[in-house]
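Please walk through this model with the strands and the aromatic rings in mind.

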Amino acid sequence: MKRLVLAVIALSFAASFAHAQVVATVGNTKITLKDFKEKYDPIKKTTVNPPSPEIFLEDLVKFEMGVQEAEKRNLQNNPAVKDLMRQTLYKFLIESEIGKRVDSIKITEGDMRAFYEKNPQIRISHIMTMIPEKATDAQIAAAEKRSQEIHKEVVSSKRPFEELVKLYSDDDVTKINGGDLGYISRVTAAPYVYEIVGKMKNGQISKPIRTQYGFQIIKVTGRLGYQDADKSQIRAAVFDSKRAAIFEDYFSKLRPKYKVTKDEAALKSLK
């Protein structure tokens, strides 16, 4: 029994010694076999054609040389580097604090149906009044006025919306199809656009909506039933909402530790 214990101790010592074995030295920094395996083993498991140990070790040596050279030049004090370090710290905190909760998210059919009931895929058509790139305030005002005039014509005219699209829309890509943009969703559309469209009934026409490219007059032309909707998109949206809830829960508990002030007036001045 004593010999067995001694043998186990000897094997353990040998393994520890092997892990402590130095495979490369760069300046005053030693890369041990343990350091090497901790970095190389995941690469071997997850890469189809992993580099050979010799090539990977050379990459580690170059990395260490680069880091040491950067430190000699005091690049760690560069504002851009400090910002990257802060971002890395933030990402590491989030991963360590809520990563497991996010990984354990489960999505049921009921979750997806409940989400889709409030956030359906909606088919729309539009009449676009474009705004030139880097438009002046006067150009924006002129585009808005024109869109408002078109809207008055649209809501009072007995002509089909599709005909008015061909007459007034600046969107040459969609005007040949009566302005049809297909189905939009909570995931694919700008949030403020979806908020407006989501409250509209089929056949209803919106007032001009300011968007990135100009002013849109939108008509809702249909809604897709759950059975025909893109389930992968719905699942992704539900996952995002659950992940966001976990994220908000974590920061709501963290917030009492820190005094937070905001200058809302300064923020409004940027709009």
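Nine bridges join strand 3 to strand 6 (residues 214-223), and the two run antiparallel. Ile 124 has Val 220 of strand 6 as its bridge partner. Strand 3 also pairs with strand 4 (residues 180-184), antiparallel, over four bridges. There, Arg 123 stands opposite Tyr 183. Strands are DSSP E runs of at least two residues and helices H or I runs of at least four, numbered from the N terminus; two strands pair if DSSP finds at least two bridges between them. Seven of the nine residues of strand 3 (residues 122-130) are buried, so the rest of the structure largely encloses it. Buried means under 20% relative accessible area, exposed over 50%, partly exposed in between (1.4 Å probe, protein chains only).

This is a predicted model: local features need pLDDT of at least 70, and side-chain atom pairs count only at pLDDT 80 or more, while totals for chains, interfaces and linings use all residues. Residues are numbered from 1 along each chain as its sequence is written, and side-chain values use heavy atoms, without hydrogens and water. The protein chain averages a pLDDT (the predictor's confidence in each residue, from 0 to 100) of 91.

Now the rings. The whole structure holds seven aromatic pairs (Phe, Tyr or six-membered Trp ring centres within 6.5 Å; planes under 30 degrees apart are stacked, over 60 edge-to-face, the rest tilted). Tyr 116 and Tyr 226 have ring centres 5.8 Å apart and planes at 65°, so they are edge-to-face. Both are buried. Tyr 250 and Phe 251 also form an edge-to-face pair, at 5.2 Å and 80°.
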